[in-house]
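This report describes selected features of one protein structure. Please keep the sequence and the model in view while reading.

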Amino acid sequence: MVACDVARAALVALLLVPGMPVPAMMAVVFAVAAVQPAYNAARTATLAQILTGDRLATAMALTMSTAGIAQILGFLAGGLLSSIDPYIALAVNAALFAVSAVAVLGLVRYRPSVNKREQRRHVLAETADGLRMLRDNRVLRTVSLGIWGLYALTAVPEGVAVLWAAHLGRGSATQGLIMAIDAAGAVIATLLFARFVRPSMRYKLIRPLAFLAPLALAAALLDPPLPGVLVLAFGAGAATMIMAPMNATLAQCIPEGWRGRVVAAVNAGLQLSQGIAIAGVGLVAELGVPVPYAVGAWGVVGFAIHFLITRAWPAADEVEAAKAAAAPPQPAAP
């Protein structure tokens, strides 16, 4: 986690170089995003060593909510600072990555991997190991597909906010509002879901609530005015409330020593699914299809995707068996 934060601080600092060509800037931004799966993998693996069971699911919900609040603040502060001087916004961004590295280094106790150094291999080989485990373990495979499908849908309102604001004849303020309301929906729904839904019910609700995201996007076919777009974006953000129990299930079903590489593979797939969905919807809109119809059509496709995923969703007893198989062996009684 510390290495990822230091790397991102250095990469963002590169953007402060005056006169950097746009292709080079895009390459730097790509590199910043490419570090995220490794960071998330390390954080999830560490969190799973600290907490277990329902406490892990609650912690993940709080982590996601905190990240959502930070995202909202980032949208607002970034937009304000960029309007004054984009270089100030970039400098603050680089500094915050450095602050994060110092905070993790000073406040989080180091918990080494259960894998011995001589057991480690090249990062690409270990990522391939994680992908093979996802492929061969039905619970991990299905939950991962659920995460990828969910984020491929819920990322779209935020990802095409610029085009949607232009379709409505509005400017950057509307773009920021759409992005912020999406993040607000995620924060509020995740906190309420973690606070008021019993742990025993959270897993059962994943399948029906999976259809909230495609329903929100399909409503775009009505080509709503701005208030309707904001309700739609809020609903798409709220649909991510099931991410916490899905992530917790995933972490608990991964054997000790494998969490880092499996979660890294899952996060890489998540980033890829988001990028493909946003790029695809944006491309369709650029070809002349109005943004609401492009988004709504993707929502209709999302219904089919989630139907196939939830149809194969593992039963609770199958998940419990996977958790038991992944749990470290208990020491023998003296």
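## Selected contacts in a predicted model

At a relative accessibility of 17%, Ala264 counts as buried, because the cut-off for that class is under 20%. The model discussed here is predicted. Ala264 is part of helix H14, which covers residues 259–286. Beyond its neighbours within four places in sequence, Ala264 is in contact with Pro37, Ala41 and Arg259.

Nine of its ten residues are buried, so H13 is largely enclosed by the rest of the structure. Among these buried residues are Met243, Pro245, Thr249, Leu250 and Gln252.

The next topic is the packing of two helices. Such a pair is described by the angle between the axes and the distance between them. Helix H3 (residues 53–84) packs with helix H9 (residues 172–196) at an angle of about 160 degrees, and their axes are 9 Å apart. Angles over 145 degrees count as roughly antiparallel, and H3 and H9 are therefore roughly antiparallel to each other. The crossing of H3 past H9 is left-handed. Which residues in H3 and H9 meet? On the H3 side they include Ala61, Leu62, Ile69, Ile72 and Phe75, and on the H9 side they include Met179, Ala183, Val187 and Leu191. By class, this contact of H3 with H9 comprises twelve nonpolar and four polar residues, and no charged ones.

Finally, the structure holds two aromatic pairs. The table gives their geometry.

| Pair | Distance between ring centres | Angle between planes | Class |
|---|---|---|---|
| Tyr203 and Trp313 | 6.4 Å | 35 degrees | tilted |
| Phe211 and Phe303 | 6.3 Å | 20 degrees | stacked |

Tyr203 lies in helix H10 (residues 199–209), whereas Trp313 lies in the loop between helix H15 (291–311) and helix H16 (316–326); the pair therefore ties together parts that are 110 residues apart in sequence. Both Tyr203 and Trp313 are buried.

Phe211 is found in the loop between H10 and helix H11 (212–218), and Phe303 in helix H15, so this pair ties together parts that are 92 residues apart in sequence.

Technical notes. Residues are numbered from 1 along each chain as its sequence is written. This is a predicted model: local features need pLDDT of at least 70, side-chain atom pairs count only at pLDDT 80 or more; totals for chains, interfaces and linings use all residues. Side-chain values use heavy atoms; hydrogens and water are left out. Axes are lines fitted to C-alpha atoms, for helices over the stretch in contact, and angles run from 0 to 180 degrees between N-to-C directions. Helices (H or I, at least four residues) and strands (E, at least two) are DSSP runs, numbered from the N terminus. Angles under 35 degrees count as roughly parallel, over 145 as roughly antiparallel, 65 to 115 as roughly perpendicular and the rest as oblique. A crossing is left-handed if the near helix is turned anticlockwise from the far one by less than a right angle, and right-handed if clockwise. Contact means heavy atoms within 4.5 Å. Ala, Val, Leu, Ile, Met, Phe, Trp, Tyr, Cys and Pro count as nonpolar, Asp, Glu, Lys and Arg as charged, and the others, Gly among them, as polar. Buried means under 20% relative accessible area, exposed over 50%, partly exposed in between (1.4 Å probe, protein chains only). Rings of Phe, Tyr and Trp (its six-membered ring) pair if their centres lie within 6.5 Å; planes under 30 degrees apart count as stacked, over 60 as edge-to-face and the rest as tilted.
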